[in-house]
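Take a moment to look over the model before reading on. This briefing walks through a few of its features, one topic at a time.

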Amino acid sequence: MAVFPLYEFKNDKLYINNIHHLLNSKNANQRIFAYLVIASACDTSKEHALLEKLTLEKDKGNLIWAGMALLYLKSKHTTELFDFLVKNEVFSDAHMIPMYIQLDKDSLQQTAYKRINSKDVKSKILAAQILAVTSLNSKTEEVLKHAVQTWDLNIKGYAIYSVKELQIGNLLETFKPLLAHKETRSISLEALANSPTKDDQEFLYTLVNEQDTISSELLDCFYKSKNINNLKYWLTLLYTKKLPDSYIFFVFAQPLLNSDSVLLELQTALQKITDKEVLSELVRALNNRDDDESVQIIKTLLQHKSSTVRYWTAKTVENNKSAKFNETAIRKLIKSGVEDGNTPDD
């Protein structure tokens, strides 16, 4: 379907002669219909009328659709829409915020600056979230670090998340104390791992060396990092450090695992890791690989002593179209591995 399926309709007499009456009708359903048609027709000339509806509509359903129409039209009135979302969006089950953050980034940034020091908690949270999707500059760095330093502990995490996403550096002095609190520890570690600053990185390495069994939180900060060197380091930790019991991660959550830049480290890890659960998940990163080394690793893991490892290795390459996986011997191993999903682990 076209983004604006009624784009031409706004020039039709039927639309021109009736949209005003529908927009101002006493019938709530007719007003909703007007909002939908205006949005579908991309009639930006009605933007100010829709903005006025955000202050006039008393019915919650109508109010939501008026706001949705403005979001669909990609309005640059981001401050008015910000206040609308604070009052009407359920942050724990947000449907409109994903549309809101697609609006003009410069306008969003200016709105966030206006609202981040609000006394209203929801306004603070939304402002911090918005800055995470805008460009980094000195002012953004300043206001987010100030938020991390001054906000209540229960909401600091929202500001820390944006610091992490924007890969802001020079964090150690402010963030080190936050590691003592369960509310901020994990997200603070992730922010430090995304920092480009040497001192922040080296502090994390120090934490690793201080632990006999490395914690899941510390492992995850390296795994989730946007810094590819941290991902390489994480891969080595999987076979050089004692892991916590039942350590869980998901390959799909880190797209860098599929990059050529970490292939060598990935292959090394798959040959050295002994934890069957870690192996079963990590092997999925070879999903689309058919280089000789990866194929050999797949063959070896298809014959692993653990049925769990055999099963997930088989599922990883079951639909790989490469000719290297169509050889009779490896097809038998793949078929056998898939069948191992119905058997207890060895």
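- Gln167 sits in the loop that joins α10 and α11; helices here are DSSP runs of H or I with at least four residues, strands are runs of E with at least two, and both are numbered from the N terminus.
- Gln167 is not a glycine, yet its phi is positive, near 55 degrees.
- With a relative accessible area of 32%, Gln167 is partly exposed; buried means under 20% relative accessible area, exposed means over 50%, and partly exposed lies in between, using a 1.4 Å probe and protein chains only.
- Lys74 belongs to the loop between α4 (60-72) and α5 (78-88).
- Lys74 also is not a glycine and has a positive phi of about 55 degrees, and at 54% relative accessibility Lys74 counts as exposed.

**How to read the model**

- This is a predicted model, in which local features need pLDDT of at least 70 and side-chain atom pairs count only at pLDDT 80 or more, while totals for chains, interfaces and linings use all residues.
- Residues are numbered from 1 along each chain as its sequence is written, and side-chain values use heavy atoms, with hydrogens and water left out.

**An enclosed helix**

- Helix α12 (residues 185-194) is largely enclosed by the rest of the structure, because eight of its ten residues are buried.
- Among the buried residues of α12 are Ile187, Leu189, Glu190 and Asn194.
- The buried residues of α12 pack against α10 (156-165), α11 (172-175), α13 (198-209), α14 (216-223) and α15 (228-240).

**A pair of packed helices**

- The axes of α7 (residues 105-115) and α8 (residues 121-131) come within 9 Å and cross at roughly 145 degrees; axes are lines fitted to C-alpha atoms, for helices over the stretch in contact, and angles run from 0 to 180 degrees between N-to-C directions.
- On the α7 side, the contact includes Leu108 and Tyr113, and on the α8 side it includes Ala127 and Ile130; contact means heavy atoms within 4.5 Å.
- The residues of this contact divide into six nonpolar, two polar and two charged; Ala, Val, Leu, Ile, Met, Phe, Trp, Tyr, Cys and Pro count as nonpolar, Asp, Glu, Lys and Arg as charged, and the others, Gly among them, as polar.

**Pockets and a cavity**

- On a 1 Å grid over the protein atoms alone, a cavity is a set of points where a 1.4 Å probe fits but cannot get out, and a pocket is an open set with protein on both sides within 12 Å along at least five of seven lines; lining residues have an atom within 4 Å of a point.
- About 250 Å³ of space lies in the largest pocket; grid points are joined across faces, edges and corners, and a volume is the space filled by probe spheres set on the points.
- The largest pocket has 13 lining residues, and Val251, Asn258, Arg284, Ala285 and Asn287 lie nearest its centre.
- Helix α19 (residues 307-317) gives the most to the lining of the largest pocket, with three residues.
- The second largest pocket has a volume of about 180 Å³, and α17 provides the largest share of its lining, four residues.
- Glu281 is one of the residues that line the second largest pocket; Glu281 lies in helix α17 and is buried, with a relative accessible area of 9%.
- The largest cavity has a volume of about 30 Å³, and its lining includes Ile116, His146 and Trp151.
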